[in-house]
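Hi,

Here is the structure I promised to pass on.

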Number of protein chains: 4
Amino acid sequence: MSKTHSAATGQPFTWTVRVYYEDTDTGGIVYYANYLKFFERARTEWLRAAGFEQHRLREEFGLQFVVAHIECSYQQPARLDDLIEIDLRVARTGRVFIVFEQSARRGAEVLATARVKAACIDARRFAPAAMPADMTAAFRTLPGFSPTP
Amino acid sequence: MSKTHSAATGQPFTWTVRVYYEDTDTGGIVYYANYLKFFERARTEWLRAAGFEQHRLREEFGLQFVVAHIECSYQQPARLDDLIEIDLRVARTGRVFIVFEQSARRGAEVLATARVKAACIDARRFAPAAMPADMTAAFRTLPGFSPTP
Amino acid sequence: MSKTHSAATGQPFTWTVRVYYEDTDTGGIVYYANYLKFFERARTEWLRAAGFEQHRLREEFGLQFVVAHIECSYQQPARLDDLIEIDLRVARTGRVFIVFEQSARRGAEVLATARVKAACIDARRFAPAAMPADMTAAFRTLPGFSPTP
Amino acid sequence: MSKTHSAATGQPFTWTVRVYYEDTDTGGIVYYANYLKFFERARTEWLRAAGFEQHRLREEFGLQFVVAHIECSYQQPARLDDLIEIDLRVARTGRVFIVFEQSARRGAEVLATARVKAACIDARRFAPAAMPADMTAAFRTLPGFSPTP
């Protein structure tokens with residue numbers, strides 16, 4: 001994830017995760033796919049902080065987020081019992097998508113960074129659908145929101 | 001899983017699984033919850049051999065299997081790259097449930113054994129529902145089927 | 001898990017987990033194997049509260065816990081966004097094992113119960129090994145500890 | 001994954017995976033992180049076809065592969081019971097890394113594509129290490145090998 005892609009500034013939204021046995025592999029480190037779980041937990045908590053739990057999004061609005069694209073760079077391994085902070089910034093938003101910049105840190109040490117494009121879809125038709133205006137308005141009030149102009 | 005519980009005899013249904021990084025943990029062995037994935041793959045393949053893929057079960061009949069109870073005994077660890085055979089026998093069937101006896105073997109060496117009670121439910125109401133007669137009839141033709149009289 | 005098996009009394013140790021997309025399956029509920037992850041997180045946190053992080057256990061003492069046996073009963077489904085409390089009690093301890101009684105609750109509603117026998121092993125030889133005296137002493141000071149006399 | 005990045009041609013190496021309950025989420029589709037498991041299974045089988053099982057790589061050579069970077073594009077959802085073919089091509093190799101281009105197909109329909117940079121490391125020091133000459137020589141004989149000149 002090159003620096004030039006990122007215009008996200010300001011305070012990120014941060015969510016802390018603990019590394020359990022379930023997250024590790026026989027290489028003694030966190031399995032690479034499991035960072036995507038950690039990153040999603042942070043996005044989910046950010047949405048929840050905006051008042052939009054995903055089951056509500058589905059039941060009330062018939063909407064669902066799906067990841068359309070991810071780019072992830074692994075820099076340092078995480079290990080059992082580590083306490084990891086997942087930072088989230090919104091880099092861009094559109095009518096039907098949000099681009100997040102996320103990183104996994106152990107203290108000041110960056111373990112992995114990711115750029116994630118999540119698309120809002122109609123849960124039945126599985127086609128792009130506009131995010132509710134209430135939701136995008138709520139985003140603006142959260143830490144981590146700083147899309148490029 | 002005590003021997004006295006088991007009246008299952010005859011040839012089991014067998015499904016082979018490979019151990020990948022995703023299945024292991026930092027202890028160098030297959031993570032204990034992942035055996036439940038292996039056991040379910042074998043039950044799914046046994047159902048498929050009977051002509052009942054689970055998405056069809058859901059769409060055509062509005063039915064779904066859920067595990068109501070499992071007892072699992074871990075005897076020897078499995079490791080990365082192991083090729084594991086999952087044996088399945090039907091120990092009992094009722095109108096709304098099946099009890100499976102399963103084991104995980106590496107060659108002749110038993111790694112784990114399980115007794116699993118799967119209940120057939122109405123997928124919407126989440127309440128017990130009778131298995132289709134076609135399905136229980138199909139079961140009788142499969143290896144692994146030998147319920148107590 | 002029958003009541004007659006349980007002599008555990010007193011205040012349990014409780015650990016809260018959130019249900020994310022990663023935990024659910026296409027049946028709309030938490031996948032059955034994932035309760036074993038939840039149960040282990042609670043055991044890990046109970047050990048941590050006793051001062052024994054598992055990576056320390058491994059590096060300092062050459063020890064590791066493995067699950068030897070689990071019995072789990074699934075009663076009600078958990079769903080996306082649920083906040084679940086995992087209760088833990090110690091039902092029995094031996095020189096080389098601990099038996100836990102655990103349950104998963106959503107408020108007052110019990111979703112699943114489990115009885116888990118965890119064995120202490122030498123991490124290299126993969127053979128039973130006595131738990132350090134310091135550790136078993138620390139156990140006695142924690143909520144959830146109430147083994148049968 | 002832009003077309004301009006790809007110089008991989010010729011017959012890919014292909015590995016087939018089945019979608020089980022464990023792979024899906026409550027959205028009714030395969031959970032996004034689980035494609036990374038599928039992609040890794042194909043890489044592991046490609047390595048195995050070259051005669052290099054990963055536990056052997058570790059025990060004999062003290063080496064391990066870790067993913068340094070992944071870019072993944074999700075195009076169509078996969079669902080329960082789907083049979084998915086994972087194609088693998090080697091786009092580039094270096095002394096200490098391999099870049100794979102992978103895709104997940106259901107028949108002719110592409111579900112996801114990925115570009116994965118895997119680094120060879122010394123398993124103890126966790127530092128880059130050259131791949132054994134035997135291994136890179138074996139790669140050349142496999143389907144899927146067609147690095148840019």
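First, some housekeeping. This is a predicted model, where local features need pLDDT of at least 70 and side-chain atom pairs count only at pLDDT 80 or more, while totals for chains, interfaces and linings use all residues. Residues are numbered from 1 along each chain as its sequence is written, chains are lettered from A and ligands numbered from 1 in the order in which they are written, and side-chain values use heavy atoms, with hydrogens and water left out.

On confidence, the model comes with ipTM 0.92 and pTM 0.94. Where pLDDT is low, the predicted coordinates should not be read in detail.

Now the symmetry. Turn chain C by 180° with a shift of 0.0 Å along the axis, and it lies on chain B with an RMSD of 0.0 Å (least-squares superposition on the C-alpha atoms of residues with pLDDT of at least 70 in both copies). That is the relation of a two-fold axis. In chain C, the C-alpha nearest that axis belongs to Glu71(C), at 2.1 Å. As 100% of chain C's interface residues are also interface residues in chain B, the copies meet through the same surface.

Chain D goes onto chain A by a 180° rotation with 0.0 Å of shift along its axis, RMSD 0.0 Å. Here Glu71(D) is the residue of chain D that comes closest to the rotation axis, its C-alpha being 2.1 Å away. Both copies use the same surface, since 100% of the contact residues of chain D recur in chain A.

Cheers

Note on methods
Contact = heavy atoms within 4.5 Å.
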